[in-house]
Amino acid sequence: MADKTAKLIFDDKEIELPMMSPTAGPDVIDISKLYAQGNVFTYDPGFTSTAACDSTITYIDGGKGELLHRGYPIDQLAKDSHYLEVCYLLLYGELPSAAQLEDFESRVTNHTMIHEQMMFLFRGFRRDAHPMAIMNGVVGAMSAFYHDSTDISDPWQREVASIRMIAKMPTIAAMAYKFTIGQPFVYPRNDLDYASNFLRMCFSVPCEDYQVNPILSRAMDRIFTLHADHEQNASTSTVRLASSSGANPFACIAAGIACLWGPAHGGANQACLEMLREIGTVDRIPEFIARAKDKNDPFRLMGFGHRVYKNFDPRAKVLKQSADEVLDLLGVEDNAVLQVAKELEKQALADPYFAEKKLFPNVDFYSGIILEAMGFPTSMFTPIFALSRTVGWISQWKEMIADPKMKIGRPRQLYQGETLRNYVDIEKR
Ligand code: ACO
C-alpha cells in the first residue's frame, strides 16, 4: 500500500493517485488506473518522465554521474571485476563465489560454437552487408536452430537461452565481420578468455594465428563491461516491449539489436568516428562546433550528450583512461583522428553552449577511438556494443518474465487525425 498520494485536479474531477518510493531515485506516481478513473491519458513522448517497470538490476543517477549494477559502481566493476563476472552479477543479482564463477564461465565457454548449418545463413548475405544487418538476421534466426530454448514459460529453457546468447554473440559478431571482409570464419577456442577469444576470432587467419596482447584483451573486456547494461534505454525497452507479447528470446534480442543500430543510440560510436574523420584536421573544429550550435543545421556532435547523464558519463571517464593505455601500447598518439578527438573535446567543453545544455562526451566518444586503434573498422563498433549489451537485455528480459505484474506493453496516443468521415468512390475524388 502506498504511504503517499498525489492529487490530480482537472475539469470538475479530483483524483487521488498512489505514490511509490524506490530504494534510490525519485518517487513515482502510479497512474495505471488513471484512464479508468478519469477518462484521460498522460502524454510523455520519449518517456522522459515515465517509469515503465519495476527493476532491481541497474540504477543511474544522471545528476551525479553514477551508474550502479545491483548496487556496485561501474568504475569499481571496470577496475576490479571482469565481463563474465559482471554478467553473473546482472543475471543472478549477487557477485559469484569462486565456485559459482567457475561453473558459470564453463557453461558460457561450452556454448560458444554455433550450429554448423548457420554458416549458410551468413553466406546468404550480400558481400558488402553491414555486420549489424547480419547480426540482426542471424540472432533472430537462432529461434529456428535452438527450439529447445524458446518456451518462455519454462525457467530452465530461459536459462539455457540466456547462456546460449551470451556465449554465441562474440562468435556471431566475429563471423559477421569475417564474412564482410572475405576471410574464412575462425571457430572459437575454449582455452581463451571471453575477450581474447573474440579478438582472435576477429583477427586470426588460417595462415597466421593471432597472438592476443593481454593489455588489448583487458581493454576489450573493459569495453564489454562498460556496455553491459544501462537501465531502461531504448534498446532494452524494445526488448521488454517485444517480449511482453510472449515472443521467444532470440526474436526479442534481435529487436534490441535493431533498435541499438540507430545513430542516436549504439550507432553513435560509428557516427562519431566518421564525424572525426570528416572534420579531418584540428583547424576545422570551430566550423563543426558552430554547425552543432546552429539551430538551422541538423548536425550534432556525435558522442556528446546523453538523455540521463547531465553531469558526466561515468563510463566515459573509465574509457578515457583505457584509451590512453591502448594508444600508448599501440604507439598511435600521433594519429590524426585522435588529435581531432582530443582537441574537439577540449574546445566543446570550454564552449558555453555545451556547458549550458550539459553536453559532455559520452561512452561512444572514447569507445570508437579505442576500437579504431585496435584495428576494428567503424562498421564493427555497433556490433561490439550489441554483443556487450546482450547480457543486459537478457537480464532485463528474465526479470520481466518472472514479474507477476508483467502485461503486454500497449501505449496509447494523442490522436490528431481526421475524425469519422465517409469513404469517397475513386471517380468522385
Ligand atoms: N550536439 C549539439 N547539440 C546537442 C547535442 C549534440 N550532440 N545533443 C543535444 N544537443 C542539444 C539539442 O539541440 C537541444 O537543444 P535545444 O534545447 O536548444 O533544442 C538540447 O541539447 C537537448 O537535446 P535533446 O535532443 O532534447 O536531448 P535528448 O536527451 O533527447 O538527447 C541524445 C540525447 C540523443 C543522446 C543527444 O544528446 C544526441 O543526439 N547526441 C549525439 C548522439 C550520441 O552521441 N548518442 C549516444 C548516446 S549514449 C549511448 O547510446 C550509449
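Guide: A crossing is right-handed if the near helix is turned clockwise from the far one by less than a right angle, and left-handed if anticlockwise. The model discussed here is predicted.

Visitor: Is the crossing of α10 and α11 left-handed or right-handed?
Guide: The pair is helix α10, residues 234–243, and helix α11, residues 249–260. Their axes are 8 Å apart. The crossing of α10 and α11 is right-handed.

Visitor: Are α10 and α11 roughly parallel or roughly antiparallel to each other?
Guide: The two helices pack at an angle of about 150°. Angles over 145 degrees count as roughly antiparallel. So α10 and α11 are roughly antiparallel.

Visitor: How many charged residues are in the contact of α10 with α11?
Guide: From α10 come Ala234, Ser235, Thr238, Val239, Ala242 and Ser243. They meet Cys252, Ile253, Ala255, Gly256, Cys259 and Leu260 in α11. By class, that contact has eight nonpolar residues and four polar ones, and the number of charged residues is none.

Visitor: How are α3 and α7 oriented to each other, roughly parallel or roughly antiparallel?
Guide: Helix α3 covers residues 83–92, and helix α7 covers residues 155–181. They pack at about 155°, with axes 13 Å apart. The cut-off is 145 degrees, and angles over it count as roughly antiparallel. Therefore α3 and α7 are roughly antiparallel.

Visitor: How many nonpolar residues are in the contact of α3 with α7?
Guide: On the α3 side are Leu84, Cys87, Leu91 and Tyr92. They meet Glu159, Ser162, Ile163 and Ile166 in α7. One residue of this contact is polar and one is charged, while the nonpolar count is six.

Visitor: Is α17 roughly parallel or roughly perpendicular to α18?
Guide: Helix α17 (residues 363–374) and helix α18 (residues 381–401) have axes that come within 10 Å. The axes cross at roughly 110°. Angles of 65 to 115 degrees count as roughly perpendicular. So α17 lies against α18 roughly perpendicular.

Visitor: How many charged residues are in the contact of α17 with α18?
Guide: Asp364, Gly368, Leu371 and Glu372 in α17 meet Phe381, Ile384 and Phe385 in α18. Four residues of the contact are nonpolar and one is polar, and the charged count is two.

Visitor: Which residue has a polar backbone atom 2.7 Å from a nitrogen atom of the ligand?
Guide: The ligand is surrounded by 22 residues, and the closest are Lys295, Arg300, Leu301, Gly303 and Lys357. A polar backbone atom of Ala264 is 3.3 Å from a ligand nitrogen. The 2.7 Å pair belongs to Leu301.

Visitor: Which residue has a side-chain N or O atom 2.9 Å from an oxygen atom of the ligand?
Guide: A polar contact needs N or O atoms within 3.5 Å. At 2.9 Å from the ligand oxygen, the side-chain atom belongs to Asn362.

Methods. Residues are numbered from 1 along each chain as its sequence is written. This is a predicted model: local features need pLDDT of at least 70, side-chain atom pairs count only at pLDDT 80 or more; totals for chains, interfaces and linings use all residues. Side-chain values use heavy atoms; hydrogens and water are left out. Axes are lines fitted to C-alpha atoms, for helices over the stretch in contact, and angles run from 0 to 180 degrees between N-to-C directions. Helices (H or I, at least four residues) and strands (E, at least two) are DSSP runs, numbered from the N terminus. Angles under 35 degrees count as roughly parallel, over 145 as roughly antiparallel, 65 to 115 as roughly perpendicular and the rest as oblique. Contact means heavy atoms within 4.5 Å. Ala, Val, Leu, Ile, Met, Phe, Trp, Tyr, Cys and Pro count as nonpolar, Asp, Glu, Lys and Arg as charged, and the others, Gly among them, as polar. A residue is near a molecule or strand if one of its heavy atoms lies within 4 Å of it. A polar contact is a pair of N or O atoms within 3.5 Å; within protein, one must be able to donate a hydrogen and the other to accept it, and residues adjacent in sequence count only if both atoms are side-chain atoms.
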